[in-house]
Amino acid sequence: MDNIVGSGVLAVVAGAVVAILAFVPFVAVSYRRRGRLTVWRSLLWAGAAVYFWAIWTYTLIPLPDSEVYRCAGVNLHPFVFVDEVRAAVAASGRHLTDPVVLQVALNVLLFAPLGFFLRVLGGRGILIAGLVGFATSGIIETTQLTGVWGLFPCAYRVFDVDDLIANTSGALIGSLLAFVVPAQHRGVERAPDAETPRPVTRHRRLLGLVCDVVGVWLVGVAVAVVVQAVLVLLVGGRSSFSTDQVASLAGTIASAGLWLGVVLATGRSIGDLATRVRFTNGVLPAWVARPLRFATGAGAYAILAALPAPWSLLAFLLASTTAALLLVWPDGRGLTGWIGRRRLVDDRAGVVSPSVDRGLRVR
C-alpha cells in the first residue's frame, strides 16, 4: 500500500513540475489555437501530465534493493492469463475481487487514459492509440526485462507478453471511451473562432499577471542554477563571496532584463502577449508608456524584491496596489492604465486610434 501511495505522490509532484514549466507556453498556445483558455481543457492537460508520470512510477518504481535482489521470470506465451483467471475464479469463487482478476483489470485500466488523452487532446484515432499503447508497454516491459537496461543483473519484474496485450487493450478501450466527449472539444485543430476578439475580463487579466510572475520566477531560477553551477566549478569553496547571492542576483537581472526588452520592443509584457491583450494608446507617448508598463509589472517587482530592507517593501506595495486596482476596473488595467489613461483590449480587435480611444473614454 505504501508503494502505491508513494508512486501516486511522485507522479503528482512530477506532473505539477511539468505543468509549472509549461504554464506560460500552454496559455499562449491555447489563446492562439482555441481563442481562449478553458478550465476543462486545462484540467485535462494537467491530468495528462500527472498520468504520464504515473505510467512510469507505477510500473517501474520502486526499484529493488540490491541486497535482496532476485531475478524475475519471463512469460512469452500469450493469453496465459485466461487460464490463470479461470483457475483463480474456480478456486475462490470471486469473479470480480480475485487478485488475479484484479491484476488483469488494473493493467487494462492503467492504459485506458492513454487512449483517451490521445483522442481528446491529440486528435488521434484508435489505430494510433493501439500503436502508442503497445510501444509504451513494450518499453516498460523491456526496461524491466533488462534490469533497467543493465543497471541490475537481470529482470526485477516479470516480463509478460500478456501485460502487452492487456495494456494495448486498455489504450484501445480508452480511445473508444473518448467518443463521449463532444467532437468540438476533441483534437488540436485550430478553433474556427480562434481569431474572434473577446472581452478582457478580470480573470483574463489575472491569468496574464500569473504568466508574468511564473515566467519571471522560472527564468530567474534557471539562470541562478546555471550561474551557481558555473561558480562552484570555477571557485569551489575558495571564494570570498557568497555564490548563492551572486547567482540569485544574476537570475534577477536576467529575468528583469528579458521582461524589460520585451516590453520596450512590443509595449506588452510576456503575460500580455500570452493572453493576447494590449493597452490602447492613452495620453502618453510610447517612449514613456513602455517604460511605465515595465515599472508596474513583474519585472520591476523582481528588482524591488531583491533590494535590501526597507526598500524591498516597495515590492509588497507594488503587488498590493496591482491587486487592489485589479478589482477597480473590469479589464484589470492596473497602474499603467490608470496613470496613462489606457484601457486593455483584445489584440485581435485591431488598432484603436487616439481619437477613437478618447471617444471611448468620454462615453
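Residues are numbered from 1 along each chain as its sequence is written, and side-chain values use heavy atoms, with hydrogens and water left out. Because the model is predicted, local features need pLDDT of at least 70 and side-chain atom pairs count only at pLDDT 80 or more, while totals for chains, interfaces and linings use all residues.

The account begins with helix α3. Helices are DSSP runs of H or I with at least four residues, strands are runs of E with at least two, and both are numbered from the N terminus. The buried residues of α3 are Arg41, Leu44, Ala48, Ala49, Tyr51, Ala54, Ile55, Thr57, Thr59 and Leu60. Here buried means under 20% relative accessible area, exposed means over 50%, and partly exposed lies in between, with a 1.4 Å probe and protein chains only. An α-helix has 3.6 residues a turn, so residues three or four places apart point the same way.

A pocket is found on a 1 Å grid over the protein atoms alone, as an open set of points with protein on both sides within 12 Å along at least five of seven lines; a cavity is a set of points where a 1.4 Å probe fits but cannot get out, and lining residues have an atom within 4 Å of a point. Grid points are joined across faces, edges and corners, and a volume is the space filled by probe spheres set on the points. The largest pocket holds about 570 Å³ of space. Its lining consists of 21 residues, of which Tyr58, Thr59, Gln103, Asn107 and Leu110 are the closest to the centre. Two or more lining residues come from each of α1 (2-21), α3 (39-60), α5 (99-120), α6 (126-145) and α8 (161-177). Helix α5 gives the largest share, 6 residues. By class, the lining comprises 10 nonpolar, 8 polar and 3 charged residues. In this division Ala, Val, Leu, Ile, Met, Phe, Trp, Tyr, Cys and Pro count as nonpolar, Asp, Glu, Lys and Arg as charged, and the others, Gly among them, as polar.

A loop residue comes next. Leu76 lies in the loop between β1 (74-75) and α4 (80-92), and at 58% relative accessibility Leu76 counts as exposed. Leaving aside residues up to four places away in sequence, Leu76 touches Phe159 and Val161, contact being heavy atoms within 4.5 Å. The C-alpha atoms of Leu76 and Asp162 are separated by 8.1 Å, although these residues are 86 residues apart along the chain.

Buried residues of α10 include Thr243, Ala247, Gly251, Ser255 and Trp259. Among the elements that cover the buried residues of α10 are α9 (202-235), α11 (270-275), α12 (286-295) and α13 (298-306). After α10 comes Gly267, with a positive phi near 80 degrees.

The search of the whole structure finds 1 cavity of 30 Å³ or more. About 90 Å³ of space lies in the largest cavity, whose lining includes Arg205, Leu209, Arg293 and Arg333. At least two lining residues are supplied by each of α9, α14 (313-328) and α15 (334-340), and α15 provides the largest share, 3 residues. The lining of this cavity has 3 nonpolar, 5 polar and 3 charged residues.

Charged pairs complete the picture. The structure holds 11 salt bridges, a salt bridge being a side-chain nitrogen of Lys or Arg within 4 Å of a carboxyl oxygen of Asp or Glu. Arg333, a residue of the cavity lining, forms a salt bridge with Asp331, with the closest N and O atoms 3.2 Å apart. Arg333 is buried at 16% relative accessible area, and Asp331 is buried at 8%. Arg348 and Asp346 meet in another salt bridge, 2.7 Å from N to O; Arg348 is buried at 11% and Asp346 at 3%. In the salt bridge between Arg198 and Asp193 the closest N and O atoms are 2.9 Å apart. Arg198 is buried, at 17%, whereas Asp193 is partly exposed, at 30%. Finally, a network of salt bridges links Arg190, Glu195, Arg268, Arg276 and Asp347.
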